[in-house]
Amino acid sequence: MSSVDAATKAAVGAWTKKDLLGLRGLSPEEIRLVLDTAASFREISLRPIKKVPALRGKTVVNLFFEPSTRTRTSFELAAKRLSADIVNITAQASSFTKGETVLDTVKNLEALKVDILVIRHAAAGVPHQIARYATSSVINAGDGSHEHPTQGLLDLFTIQDKKRRVEGLNVSIIGDIAHSRVARSNIWGLTKLGARVTVCAPPTLMPPQIEQLGVRATHELSEAIHGADVLMLLRIQHERQEAMLIPSLREYRLRYGLTRERLKEAKPDVLIMHPGPINRGVELDSDVADGPFSVILDQVTNGLAVRMAVLYLVSGAPKVDVEEN
Ligand code: CP
């Protein structure tokens, strides 16, 4: 089994954070370090034997209190490709259903000497609370409507890979901005790396004063499409809405859905992105999702390399600071 290269080994020395809780708390240099490390890990998944011993002897726990396909699977594969041991725990199949608190669950996992906790929870801030308590590294795999840092990082990686830069690009994020942790992590990451970000949503799905995050806001899809290098579509997060915030999905599609017809307004080299899961025929049509401009499955592929990089970097960091954001 061959190991990682010298440059990748050096990267771990430059990373100082115990946890990865959000992109708000990362510097542009730290974001670039993750992207550069992910670039060197990407080739491992193309080898006949897709494994390096970088995290041999480490134990990773996927602790998911919300459903997931992409994030949970790619963290599991990332840990396995780095030779770590991985345990998957879902809320439905844990003692959480018997009334155990999240903190008690974590205390028990720490008693079993685990090294990295990957946590998804419906409530914003849960990974941050756990990180303050835990001596293991904590990676936020999505907390409520707050942040989804590894999704933001894999989106940055994909844009940089396809466009050869992030700085100076026009990126439009379209959909349920108000309830989207993906939107928040992308806004932090994209603006830190110098992209111009436009957010587009119906008034009921647009957070108040979103411009304070350094973005332009519009309710008009044509304004978001015009001049954009990247169109990032988002799902309507029904599970986080307390009331019906749009008249109907049909009406939403008419005003905000990306159809082949609306795509004619876009730049000829536009990238179409979506974090998944997709609602075909709502935020985008199948011929757009599966069309020549779509990099949606590249995002999934890149997510594996990015999560390998994140696991590798936090596993080598001194167990001291807890990021506050
Ligand atoms: N993008 C994303 O977080 O997908 P999953 O919910 O399937 O993990």
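Predicted model: local features only at pLDDT ≥ 70, side-chain atom pairs only at ≥ 80, totals over all residues.
Residues are numbered from 1 along each chain as its sequence is written, and side-chain values use heavy atoms, with hydrogens and water left out.

**Ligand site**

- Polar contacts are pairs of N or O atoms within 3.5 Å.
- The side chain of Ser68 places an N or O atom 2.6 Å from an oxygen atom of the ligand.
- A nitrogen atom of the ligand is 3.0 Å from a polar side-chain atom of Gln151, and a nitrogen atom of the ligand is 3.3 Å from a backbone N or O atom of Gly276.
- The protein buries 92% of the 260 Å² that the ligand exposes when taken alone (Shrake-Rupley method, 1.4 Å probe).

**Aromatic pairs**

- Three aromatic pairs are present in the structure; ring centres must lie within 6.5 Å, and planes under 30 degrees apart count as stacked, over 60 as edge-to-face and the rest as tilted.
- The ring centres of Phe41 and Tyr312 are 5.2 Å apart and the planes stand at 85°, so this pair is edge-to-face.
- Because Phe41 belongs to helix 2 (residues 28–42) and Tyr312 to helix 12 (residues 296–316), the pair ties together parts that are 271 residues apart in sequence.
- Helices (H or I, at least four residues) and strands (E, at least two) are DSSP runs, numbered from the N terminus.

**Backbone features**

- Gly276 and Pro277 are joined by a cis peptide bond, with omega about -10°.
- Pro277 sits in the loop between strand 9 (271–273) and helix 11 (286–289).
- Ser83, a residue other than glycine, has a positive phi near 70° and is found in the loop between helix 3 (70–81) and strand 2 (85–90).

Conventions:
Polar contact = N/O pair within 3.5 Å; in protein donor to acceptor, adjacent residues only side chain to side chain. Phe/Tyr/Trp six-rings, centres within 6.5 Å; stacked < 30°, edge-to-face > 60°.
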